[in-house]
Amino acid sequence: MKAQIIGLGNVGRNLVKLLQTKTKFLAEIGANIKIVSVSDSSGTAIDENGLDLSQVMKYKKLQWKGYSKYQRGRTAIDAINNVDSDLVIELTPSTLDGEPGLTNIMTAFRARRHVVTANKGPLACAYTELIRTAEEMRVSFLYEATVAAQVPIFCMINSCFLADEIVKVEGILNATTNFIIGEIENGKTFQEALDKAIADGWAETNYADDIDGVDAARKVVILANSLFRQRVKLSDVRVEGIRRVESMIRRATLAGEKIKLVCEIEKKQGKVKTAVKLGHVPMSDPLATVKHGDMGVKFLFKTSKQIFVSAQFLGPMQTAYAVLNDSIKIALNKRSC
Ligand SMILES: NC(=O)c1ccc[n+]([C@@H]2O[C@H](COP(=O)([O-])OP(=O)(O)OC[C@H]3O[C@@H](n4cnc5c(N)ncnc54)[C@H](OP(=O)(O)O)[C@@H]3O)[C@@H](O)[C@H]2O)c1
């Protein structure tokens, strides 16, 4: 299968590393993935016979100086429209208006390409439009990595609970804020914990989306649309951040409780309520066990009752794994789990 990667940041570069180390394994399972183009914000490298990924990694570090396959100024849109491929892997930054990811993904659908993404922005802005276009064009659209990286959410719900009705989802879905909360529990001030989150690579330099709950809210929108089939927009979600968390944690620790930033989607009398809440979680709640940068989700069903899944989150390599997993599914021609 021929694939194009758009975005060679933390996730994109880790995906390239994975593809390099797993070439033999992928061939053994019948999921050969040949990368025919990679695009970043300044241009695109193309080889229709398959790029040499070690060269891609080497020249990206050198800002592409001396790489004959790199065309500065050639955009991702141009590459999608003019390079033959089966799959577009979209890994540009998550933004409030969904761009440039939204246009990249819609262009890929119209060119009849399957799409895999870790980018929350497009789904949070235009979920219905994206799903409808993918269906119209009869292409697959997989986005497991957008919510909680390796915690299997869409895959699990869409294959293991088809006979049941989901009533409520509560999750710790933002690793950065959970990391900061853990550091404050260990005695740091909010500012010291935030500085450590930036220094250790948990938070980006532009960390406001994380600590103000916006990143978590995007995930709430994706879950509400996808699992509850409700047209929820970002502006519908009641959002709290963690800027005032320090004194809350000090009091909760004395009382033997946990403070967590919890994403909540609940269906009551046919209506869906959504929120990102900063609040107390009793020690008996499995969400209280989600440590530091890890993530976890509790699902409540009508019949099968409560399911809790969590996963360690160690950074963008795990997001890249989730992206690779979705890409393998497409390579194996499985349209869903
Ligand atoms: N980091 C994680 O673990 C994680 C977890 C879950 C989801 N995600 C999502 O995954 C996506 C990628 O995350 P990341 O951490 O890899 O982001 P990142 O490090 O900021 O990288 C973004 C990449 O997109 C490229 N880019 C920006 N604008 C572009 C454009 N117009 N055309 C082509 N390429 C463009 C950038 O190019 P330059 O290299 O030229 O700057 C960069 O290579 C984001 O949407 C993020 O929210 C990330």
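**Sheet, ligand shell and domains in a predicted model**

Me: Which residue stands opposite Ala-3 in strand 5?
Reply: In this predicted model, strand 1 (residues 2–6) and strand 5 (residues 87–90) run parallel and are joined by four bridges. Across that pairing, the residue of strand 5 that stands opposite Ala-3 is Leu-87.

Me: Which strands of the open sheet stand at the edges, each with a single partner strand?
Reply: The open sheet is built from seven strands with mixed pairing, and their order is 4-3-2-1-5-6-7. One side of each edge strand is left without a neighbour in the sheet, because each has a single partner there, and these strands are strand 4 (70–72) and strand 7 (141–142).

Me: Which helix gives the largest share of the shell around the ligand?
Reply: The ligand is surrounded by 25 residues, with Gly-7, Gly-9, Asp-40, Ser-41 and Ser-94 as the closest. Two or more residues of that shell come from each of helix 1 (10–21) and helix 13 (316–331). The largest share amounts to three residues, and the element that provides them is helix 1.

Me: How many residues of the shell around the ligand are charged?
Reply: When the shell is divided by class, eleven residues are nonpolar and twelve are polar. The charged residues of the shell number two.

Me: How many residues does the contact take from domain 2?
Reply: The domain assignment gives domain 1 (2–149 + 317–331) and domain 2 (155–312), and their centres, taken over C-alpha atoms, are separated by 28 Å. Domain 1 brings eleven residues to the contact, of which six are nonpolar, three polar and two charged. From domain 2, the number of residues taken is 13.

Note on methods:
Residues numbered from 1 in each chain as written. Predicted model: local features only at pLDDT ≥ 70, side-chain atom pairs only at ≥ 80, totals over all residues. Near = placed C-beta within 6 Å. Nonpolar A, V, L, I, M, F, W, Y, C, P; charged D, E, K, R; others polar. Pairing = 2+ DSSP bridges. Domains from an automatic or database assignment. Contact = placed C-beta atoms within 7 Å.
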